[in-house]
Amino acid sequence: MKAIFCGLLLFLAVAGPGRAQDHYDPAKALSSEELFLKQYNNKRVFTKAGERYLALDASPMLGAFHRYRYFPGDQIRFKVKGVPQRMRKEIYTVTDSSFTFSYVNQLERRMEVEEILLGDIQKIKTFRRIPWVTEGSAILPLAGLIFIGADFFNKGLDGQRFTTDAKTLAIGGALAATGFICYKFSFSSVKINGHNRIKVLKTY
């Protein structure tokens, strides 16, 4: 009886998804642009073809090639050559060799637009959601802190509170360090060079 029940569950698991799949219809096939929007869950609607956007092609030493896209209205974090601080701006427009952002001139009380040449960009701060890894960048450091705190405030093997030991610190530190590594994988600074390039592409 148990074998029959297990076999029935296996049949439902295999046959169910197969019946739920739609038959391929060439008329309903998505274009490459629609596939991109569906994959990245981008809610932006393109009203015309030929709209420019920034494309960052990153080829890291460890890991696979990845393309990051930045459209007008998106936030971009970058560093310009010769400027010590990192900038975080909302893209206003994109040209063939630059992009602009707008800001309020407090002295003259008017809106102004500043242009950033692509050739002047030194680094770009990127974000890439990786299942489990991105979540781990926030959860693991918190878990390490809770683990150390629980040992510190509760009675341990020695029967005393407000004490901890090297083993607890090592485990908590390892959790925090793993979370930091996960953060670096999800939020990385890409240096513009021969391997990592930023360019302008157009929708179609």
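## Strands that pair

Two strands count as paired if DSSP finds at least two bridges between them. With that in mind, look at strand β3 (residues 75-80) and strand β8 (residues 121-127): they pair in the antiparallel sense over four bridges. Within this region, Val80 stands opposite Ile121 in β8. Keep in mind as you explore that this is a predicted model.

## The overall plan

Let's step back to the whole chain. The protein has four helices and ten strands.

Of the protein's 204 residues, 25% count as buried. Its accessible surface comes to about 14,800 Å², and 61% of that area belongs to carbon and sulfur atoms. Contacts also reach across the sequence: among those between residues at least 6 apart, 56% join residues at least 24 apart.

## An open sheet and its helix

The β3 and β8 strands belong to an open sheet of four strands, ordered β4-β3-β8-β9, with antiparallel pairing. At its edges are β4 (87-90) and β9 (187-191), each of which pairs on one side only. From one strand to the next, the twist averages 30 degrees.

A helix joins the picture here. Helix α4 (residues 166-186) packs on the sheet and touches β8 and β9. The direction of helix α4 makes about 50 degrees with that of β9.

## Salt bridges

Side chains of opposite charge can pair when their charged atoms come close. A search of the whole structure finds six salt bridges. One of them joins Asp96 and Arg52, whose closest N and O atoms are 2.8 Å apart. This pair links distant parts of the chain, 44 residues apart: Asp96 sits in the loop between β5 (93-94) and β6 (98-105), while Arg52 is in strand β1 (residues 52-58). Asp96 counts as exposed because its relative accessibility is 57%, whereas Arg52, at 29%, counts as partly exposed.

Another salt bridge is formed by Asp57 and Arg67, with the closest N and O atoms 2.6 Å apart. Here the partners are ten residues apart, with Asp57 in strand β1 and Arg67 in strand β2 (residues 66-70). Is Asp57 buried or exposed? Asp57 has a relative accessible area of 10%, so it is buried. Arg67 reaches 24% relative accessibility and therefore counts as partly exposed.

Glu135 is partly exposed, with a relative accessible area of 29%, and Arg129 is exposed, with 52%.

Which residues make a nonpolar surface patch of about 320 Å²? The patch is made by Leu142, Leu145 and Ile146. You can find Ile146 in helix α3, which covers residues 133-153.

Why does Ile146 count as exposed? The cut-off for exposed is over 50% relative accessible area. Ile146 has 51% relative accessibility, so it counts as exposed.

Note on methods. Residues are numbered from 1 along each chain as its sequence is written. This is a predicted model: local features need pLDDT of at least 70, side-chain atom pairs count only at pLDDT 80 or more; totals for chains, interfaces and linings use all residues. Side-chain values use heavy atoms; hydrogens and water are left out. Patches are made of residues with over 30% relative accessible area and no salt bridge: like charges are joined within 9 Å, nonpolar side chains (Val, Leu, Ile, Met, Phe, Trp, Tyr) within 5 Å. Accessible areas come from the Shrake-Rupley method with a 1.4 Å probe; for residues, only the protein chains shown count as cover. A salt bridge is a side-chain nitrogen of Lys or Arg within 4 Å of a carboxyl oxygen of Asp or Glu. Helices (H or I, at least four residues) and strands (E, at least two) are DSSP runs, numbered from the N terminus. Buried means under 20% relative accessible area, exposed over 50%, partly exposed in between (1.4 Å probe, protein chains only). Axes are lines fitted to C-alpha atoms, for helices over the stretch in contact, and angles run from 0 to 180 degrees between N-to-C directions. Contact means heavy atoms within 4.5 Å.
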